[in-house]
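Trainee: I have some questions about the labels used for this structure. Can we go through them one at a time?
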Amino acid sequence: MSDAKFEDGGEAPIQLVAVDAEDLAVISTLTQDAVFPITEMRYDRAHRRFALLINRFRWEDRAQAERRNRPVERVQAMLVVGDVTHVASQGIDRSQKDMVLSLLSLSWEPGEDGTGRLILTLAGDGTIALETECLDVSLTDVTRPYIAPSRHVPDHPE
């Protein structure tokens with residue numbers, strides 16, 4: 001009998017919360033290259049919540065997929081930001097209902113007394129800026145993984 005390895009553990013949907021910059025870096029890494037239709041972006045002003053239904057690349061599964069010589073995967077996930085007081089965007093035409101956006105990164109610009117701005121950087125020079133009373137971001141996988149339609153690992157040529 002051999003020792004158990006991390007890779008032997010059962011896979012479970014990701015459920016993470018970010019309340020500081022270190023936590024956010026983890027979520028940013030896991031959501032890099034997520035894609036979503038522009039119609040899957042919502043701001044609920046009454047509940048001060050901004051949400052995206054994203055199709056995220058499963059970076060955490062990439063090495064295992066390559067080892068097992070199987071296709072890479074994506075999974076649908078909810079990216080939710082709480083305590084949002086204002087939303088602004090740049091480089092996004094909300095009237096183009098068939099537009100698909102690609103999330104490159106999440107970053108936090110702290111303000112005074114815990115407030116700040118969460119920046120969602122999109123491919124093609126688009127950004128979404130969320131003014132918040134505190135850093136409160138959650139990422140929750142909501143479907144089973146599926147084979148990535150492109151069957152390729154996202155790439156960013158320099």
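Mentor: Start with arginine 56. This is a predicted model, and in it arginine 56 has a relative accessible area of 0%.

Trainee: Why is arginine 56 called buried?

Mentor: Buried means under 20% relative accessible area. Arginine 56 has 0%, so it counts as buried. The residue sits in strand E4, residues 49-57.

Trainee: What makes the pairing of arginine 56 with aspartate 141 a polar contact?

Mentor: The cut-off is an N or O atom pair within 3.5 Å, one able to donate a hydrogen and the other to accept it. The two side chains meet at 3.0 Å, and the pair counts as a polar contact.

Trainee: Why is proline 13 called exposed?

Mentor: Exposed means over 50%. Proline 13 has 53% relative accessibility, so it counts as exposed. Proline 13 lies in the segment before strand E1 (15-18).

Trainee: How do you know that the buried residues of H1 line one face?

Mentor: First, the list: Leu24, Ile27, Ser28, Leu30 and Thr31 are the buried residues of H1, which covers residues 21-31. Seen down the helix axis, they fall within an arc of 165 degrees, so they line one face. In general, an α-helix has 3.6 residues a turn, so residues three or four places apart point the same way.

Trainee: What caps the N-terminal end of H1?

Mentor: Aspartate 20 does. One of its side-chain oxygens lies 3.2 Å from the backbone nitrogen of glutamate 22. The polar-contact limit is 3.5 Å. Just after H1, aspartate 33 has a positive phi of about 70 degrees.

Trainee: Which residues touch the most other members of the largest nonpolar core?

Mentor: Leu79, Leu118 and Val137, out of 30 residues in that core. H1, E2, E4, E5, E7, E8, E9 and E10 each supply at least two residues. E7 gives the most, with four.

Trainee: How confident is the predictor, by mean pLDDT of the chain?

Mentor: The mean pLDDT is 91, on a scale from 0 to 100. Of the residues, 92% reach 70 or more. Over residues 1-9, though, pLDDT is below 50, and this stretch has one contact beyond near neighbours in sequence. Where pLDDT is low, the predicted coordinates should not be read in detail.

Key:
Residues numbered from 1 in each chain as written. Predicted model: local features only at pLDDT ≥ 70, side-chain atom pairs only at ≥ 80, totals over all residues. Heavy atoms only, no water. Buried < 20%, exposed > 50% of the residue type's maximum accessible area, 1.4 Å probe, protein only. Arc of directions from axis to C-beta. Contact = heavy atoms within 4.5 Å. Core = buried A, V, L, I, M, F, W, Y, C linked by side-chain atoms within 4.5 Å.
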